[in-house]
Amino acid sequence: MMQKKTLNDNQHGRQLINFEKPSCIALLIVGLIGGASLVALFSRAPYSSSALFCRGGAWQSRPLSKSPVTQLDAILHYATTSIMPQQSIDEISVTFNVLKSVGPCNFLVFGLGHDSMMWDALNPGGKTLFLEETPDWITTTLKSAPALHADAVAYRTKLSEADDFLKHYRNEPSCRPNNSDLRGNSKCRLALNMLTEKVYNTEWDLIMIDAPRGYFPEAPGRMAAIYSAAIMARNRKKPGVTHVFLHDVDRQVESTYAETFLCKKYLVKAVERLWHFEIPAATKADNSDYFC
Ligand SMILES: C[S@@+](CC[C@H](N)C(=O)[O-])C[C@H]1O[C@@H](n2cnc3c(N)ncnc32)[C@H](O)[C@@H]1O
């Protein structure tokens with residue numbers, strides 16, 4: 001029955017296009033060119049055309065022909081694994097919605113986890129880099145997901161010293177928002193000064209802080225990640241804001257450091273245990289000793 005209807009529809013369609021009329025041929029050519037342009041546009045910017053603010057650069061931007069492989073790998077992985085990412089669907093959706101509106105973009109993710117293939121796949125054509133505290137965990141993860149890009153980070157902090165690091169920030173001039181750079185900043189112990197050049201040389205459009213671990217005293221805690229994300233956002237040269245996402249804000253250190261460095265005035269969304277900040281670049285007039 002269905003087949004018959006389709007056939008009839010096709011026949012009806014053929015009747016509508018009269019190829020002998022020059023105006024119909026012109027219309028058809030315009031339609032084909034328009035369709036081809038749309039395909040070209042969407043294969044360059046999978047989610048939107050706002051690539052003006054957010055564009056993949058030279059390193060790690062995969063050739064577009066390879067991009068779908070990453071997405072297919074991720075579908076296969078999540079369809080066959082019983083291990084779920086820790087963020088809830090509502091929390092993940094906050095970041096996903098931003099990726100859809102600004103991607104493909106430069107996406108820096110603190111921590112390799114069960115969600116890593118997902119974040120990488122949700123930024124097709126962009127650059128996604130993971131910063132991970134445990135080298136062995138990088139090796140393990142990359143065995144099953146070799147397309148991911150991850151750098152090891154040897155943190156200089158311990159969760160048990162979180163209060164001391166806040167005092168250190170207040171007393172150490174090289175931690176102040178206006179003199180602070182990350183590269184080479186050994187005096188400010190909250191500055192991640194041990195990252196690779198590609199981290200410093202890339203303007204990150206989105207920064208996800210869901211690591212390092214911050215749930216036992218000897219763990220590095222997220223103090224340096226939060227401080228350094230604030231510095232990266234303030235030093236942005238590209239137009240637009242930096243989107244910073246912080247998970248586990250139900251914990252004291254995460255919420256205190258977020259209020260000190262990422263600023264409540266820049267908080268645009270709070271969903272369960274995730275906060276989303278939109279942080280503008282610092283201006284020349286902005287010469288306060290404080291971040292907020
Ligand atoms: C705080 S967890 C967040 C994980 C992430 N949101 C997820 O859904 O998997 C991130 C850190 O936990 C550690 N980690 C996560 N899974 C691990 C595992 N299976 N074995 C060892 N370390 C792990 C890594 O150091 C990682 O940077």
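The exercises below work through the sheet, a helix pair, the ligand shell and some backbone details of a predicted model.

Residue numbers start from 1 along each chain as its sequence is written. In this predicted model, local features need pLDDT of at least 70 and side-chain atom pairs count only at pLDDT 80 or more, while totals for chains, interfaces and linings use all residues.

**Exercise 1. Determine the strand order of the sheet and find its edges.**

Step 1. Helices (H or I, at least four residues) and strands (E, at least two) are DSSP runs, numbered from the N terminus. Two strands pair if DSSP finds at least two bridges between them.

Step 2. The open sheet has 7 strands in the order 3-2-1-4-5-7-6, with mixed pairing.

Step 3. Strand 3 (150-152) and strand 6 (267-271) each have a single partner strand, so one side of each lacks a neighbour in the sheet.

Step 4. Direction ignored, neighbouring strands are turned by 15 degrees against each other on average. Axes are lines fitted to C-alpha atoms, for helices over the stretch in contact, and angles run from 0 to 180 degrees between N-to-C directions.

Step 5. Inside the sheet, strand 4 (residues 206-209) and strand 5 (residues 242-247) are parallel partners over 4 bridges; I207 has V244 in strand 5 as its bridge partner.

Step 6. Helix 6 (residues 135-144) packs on the sheet, where it touches strand 2 (127-132) and strand 3, and its direction makes about 160 degrees with that of strand 3. Contact requires C-beta atoms, placed from the backbone, within 7 Å.

**Exercise 2. Describe how helix 9 and helix 10 pack.**

Step 1. The axes of helix 9 (residues 223-234) and helix 10 (residues 252-262) come within 9 Å and cross at roughly 20 degrees.

Step 2. The two helices are therefore roughly parallel to each other, a term for angles under 35 degrees.

Step 3. M223, I226, Y227 and A230 of helix 9 meet V253, Y257, A258, F261 and L262 of helix 10. This contact has 9 nonpolar, no polar and no charged residues. Ala, Val, Leu, Ile, Met, Phe, Trp, Tyr, Cys and Pro count as nonpolar, Asp, Glu, Lys and Arg as charged, and the others, Gly among them, as polar.

**Exercise 3. Characterise the shell around the ligand.**

Step 1. Of the 16 residues around the ligand (C-beta atom, placed from the backbone, within 6 Å), Q86, G111, G113, H114 and A211 come nearest.

Step 2. By class, the shell has 5 nonpolar, 6 polar and 5 charged residues.

How values were computed: Angles under 35 degrees count as roughly parallel, over 145 as roughly antiparallel, 65 to 115 as roughly perpendicular and the rest as oblique. Two residues are in contact if their C-beta atoms, placed from the backbone, lie within 7 Å.
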